[in-house]
There are 2 protein chains.
Amino acid sequence: MALDFNLLNQTEAGGRRAQLVLPHQTVETPVFMPVGTAGSVKAVAQDVLETLGAEIILGNTYHLYLRPGHEAIRRMGGLHRFISWPRGLLTDSGGFQVFSLAQLRKVSDEGVRFRSHLDGSSHFFTPEHSMDVQIALGADIVMAFDECTEYPADRSRAQESLRLTMAWARRSLDHLTAHREKVVWHEELGGQTQSLFGIVQGGMYRDLRRESAERLVEMDDAGSGFGGYAIGGLSVGEPRELTLEMISEVLPLLPANKPRYVMGVGYPDEIEQYARMGVDMMDCVLPTRAGRHGLVFVREDPKDRRSAVVRLNVKKLENAEDQRPLDEGCACMVCQRYTRGYLRHLVSSGEQLGATLNSIHNLAFYLETMERVRGDLAGGQLLAKGKNGRSPRELEAGSSLRSE
Amino acid sequence: MALDFNLLNQTEAGGRRAQLVLPHQTVETPVFMPVGTAGSVKAVAQDVLETLGAEIILGNTYHLYLRPGHEAIRRMGGLHRFISWPRGLLTDSGGFQVFSLAQLRKVSDEGVRFRSHLDGSSHFFTPEHSMDVQIALGADIVMAFDECTEYPADRSRAQESLRLTMAWARRSLDHLTAHREKVVWHEELGGQTQSLFGIVQGGMYRDLRRESAERLVEMDDAGSGFGGYAIGGLSVGEPRELTLEMISEVLPLLPANKPRYVMGVGYPDEIEQYARMGVDMMDCVLPTRAGRHGLVFVREDPKDRRSAVVRLNVKKLENAEDQRPLDEGCACMVCQRYTRGYLRHLVSSGEQLGATLNSIHNLAFYLETMERVRGDLAGGQLLAKGKNGRSPRELEAGSSLRSE
């Protein structure tokens, strides 16, 4: 067994309340997954993540492959043991970072040659190699090696990228299937294995997205195929309407009995919106990256947890003597203990604790949001969709939301 | 009442087991006090300090006066409330940082004019002003405004510095005595007040040290004088033998019924040594500063908590795949959860969590050391003095151990 997905409830709008049973953790979905790029959710300790209720976090294959190296992590018992995280783990394929961070890329049908952004050393990633690295890391869920189509991309570029991604998905699936028993915890956990998710690409072209989804689903040979499906290539700079359009196009084509993961999104109101549409898993660096920049998410009316999301710039002078918590309705350890005035002082003074506390609050805010959505979905409430308010996207500009 | 000091036991070597009863906390002494320079023990959250058992921490008057400002802190309920630290607090006088950090100092009998190291703005500190600032901050213990004699200093320089420090001690005492009811928690805590500690200076001259101690003790008019006595001007670059010599010279001259505080020391074996000689309080930035640099203190034989202190450089390649905790005999949350390999990875990758976890371990190591010493002193065990092993002092070079 690699993964069980138990659908508990579904709303008319498509939102699903489910349990994702992984070798290391049963995850309540829809779920938001904090990003632990290099084996640490930046500035936040593992016991704090546990207290916050995080059930699954991400690791980035590209970063961990370069440093400390996947073989070193395998020797130390896999990523769970290495970072002391007994709960769920997901690794991406490395593809996204190869295309966004690495230098001097040369893409062929076989794979990608690139130079490390750390030291300029030369590396060659193929779908098979990405699988080998991810097997060594040993996350519960691994991702197919794909080419994330940039935005904007013209149709022929998106088509070529899609062709490559589909061929690589097949090779990823074949290679993982042949080697899935090599994961370090295979025997210890009674013969369980990693699950591979396929990734839908296709740029911002609805028909290419459809083609990508259909071809991935076809790869599911007699049930031994993908454990779930991701929608990639979003949150790459496109307007939110387009993100929504692509998700809406793809979701109905994916098998209802498998989890659906939208990669790299987003703002708190976005993840709520997509979860209500039927997206089961999402991840984003925003809560921690924004936190490090002194930006926190709060509710417009703290007493109404369904009110609009507001972004607060902690550094602003108006917070200097504000003795309220960041969000008076938030139950997190930061809002229970510290004032805006103190947090403003920490950020203004460059104290590391400021980044930590703001990140903790933001993660709590995201996780609380998803907990509320799960409650709604479980109750079968058919809520009107939230206001489609646009959040400023300055933080995204020119940077990846998949790792940090 | 400002302070009670209840001596519980004393050894032949002079070591004292006592309780220091402060308005906000009863502190078991001898005690090591973590330094929270700008209102945060760098990279460590307040709940973690509580879990570690820290009963009193320091705040630096110079830093907090400049940012966010003592009047702002007073308006926010004083430093305890501002930083959400309900336990004991001590503030220094600002003098040390004025002399080590500020620019363009001009000293007169009246006080010191200086420019802020942050923005170059001009400020004038007098003993009276230092007291007013410390009253606004509202720590349980405040320090007399002194001039910390630099090392090396010739005899006439040390004499002149001592003259100034003694005059300023008198003025500090008079001003605090006249205004001690202004502290923000005075009424809330049933009329309790802050305690002022006098500071012994005198450079590295035994006779000047003696003179300084005797003159300070004489200022104790009918019991309404200093709540305790500090030995300042140490750990300023002198060899450890000289530190020890000055402490040995001064301790017998100080009243036995009041706490004795050696400022800004030191290495774990140093604080143990001085505690066994009769020093009740010590503070130092070393555990956190070393932690941020990837340097941690461990026992040579982890099973023997009395074995020598060893400094481990976490970054070293030899730790890359070491699956042991930093210190196998340490009960701290870091040693209970994380391996040297993981901590090495965090430090090498520049992950903020590395600084946090190393700092937590070092603080735990210091606090554990003092807990063990307290146990020994309470049992009346007259242990042989530990080896006087010298620790490398690279971390001290040219920098202050009083704030960071």
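Q: By class, which residues does the lining of the largest cavity have?
A: This is a predicted model, in which local features need pLDDT of at least 70 and side-chain atom pairs count only at 80 or more, whereas totals for chains, interfaces and linings use all residues. Classes are nonpolar (Ala, Val, Leu, Ile, Met, Phe, Trp, Tyr, Cys, Pro), charged (Asp, Glu, Lys, Arg) and polar (the others, Gly among them). Sorted this way, the lining of the largest cavity has five nonpolar, seven polar and four charged residues.

Q: Which residues that line the largest cavity are the closest to its centre?
A: A cavity is a set of points on a 1 Å grid over the protein atoms alone where a 1.4 Å probe fits but cannot get out, and lining residues have an atom within 4 Å of a point. The whole structure has three cavities of 30 Å³ or more, and the largest cavity holds about 100 Å³ of space. It is lined by 16 residues, and the closest to its centre are B:D92, B:S93, B:F96, B:M263 and B:R402.

Q: What volume does the second largest cavity have?
A: A volume is the space filled by probe spheres set on the grid points, which are joined across faces, edges and corners. For the second largest cavity this gives about 70 Å³.

Q: Which residues that line the second largest cavity are the closest to its centre?
A: By class, this lining has four nonpolar, six polar and three charged residues. Of the 13 lining residues, the closest to the centre are A:F96, A:D146, A:I199, A:M263 and A:R402.

Q: How many salt bridges are there between chain B and chain A?
A: A salt bridge is a side-chain nitrogen of Lys or Arg within 4 Å of a carboxyl oxygen of Asp or Glu. Over all chains the structure holds 60 salt bridges. Between chain B and chain A the count is six.

Q: Why does the pair of A:E50 and B:R337 join two chains?
A: The closest N and O atoms of A:E50 and B:R337 are 2.7 Å apart in a salt bridge. Helices (H or I, at least four residues) and strands (E, at least two) are DSSP runs numbered from the N terminus. The pair joins two chains because A:E50 lies in helix α1 (46–52) of chain A, and B:R337 in the loop between β16 (309–313) and α12 (340–348) of chain B.

Q: Where in chain A are A:R240 and A:D269?
A: These two residues form a salt bridge, with the closest N and O atoms 3.0 Å apart. The pair links distant parts of the chain, 29 residues apart: A:R240 is in helix α9 (240–250) and A:D269 in helix α10 (268–277).

Q: Which residues of chain B lose the most area to chain A?
A: Contact (heavy atoms within 4.5 Å) joins 38 residues of chain B to 38 residues of chain A. Buried area, the accessible area (1.4 Å probe) that two parts lose on being put together, summed over both, is about 3,200 Å² here, and carbon and sulfur atoms give 45% of it. Together giving 20% of what the chain B side buries, the residues that lose the most are B:R337, B:H345 and B:Q352.

Q: What covers the buried residues of α12(B)?
A: Eight of the nine residues of α12(B) are buried, including B:R340, B:Y342 and B:H345. The cover comes from both chains, and includes β16 and α13 (352–378) of chain B together with, from chain A, α1, α2 (61–66) and α4 (79–83).

Q: Where is A:A43 found?
A: Residues are numbered from 1 along each chain as its sequence is written, chains are lettered from A and ligands numbered from 1 in the order in which they are written, and side-chain values use heavy atoms, leaving out hydrogens and water. A:A43 is not a glycine, yet its phi is positive, about 75°. At 4% relative accessibility it counts as buried. A:A43 is found in chain A, in the loop between β4 (31–33) and α1.

Q: Is A:L104 buried or exposed?
A: A:L104 lies in strand β7 (103–107) of chain A. Its phi is near 50°, a positive value in a residue other than glycine. At 65% relative accessibility, A:L104 counts as exposed.

Terms used: 1 Å grid on protein atoms, 1.4 Å probe; cavity = no way out; pocket = protein on both sides within 12 Å on 5 of 7 lines; lining within 4 Å. Buried < 20%, exposed > 50% of the residue type's maximum accessible area, 1.4 Å probe, protein only.
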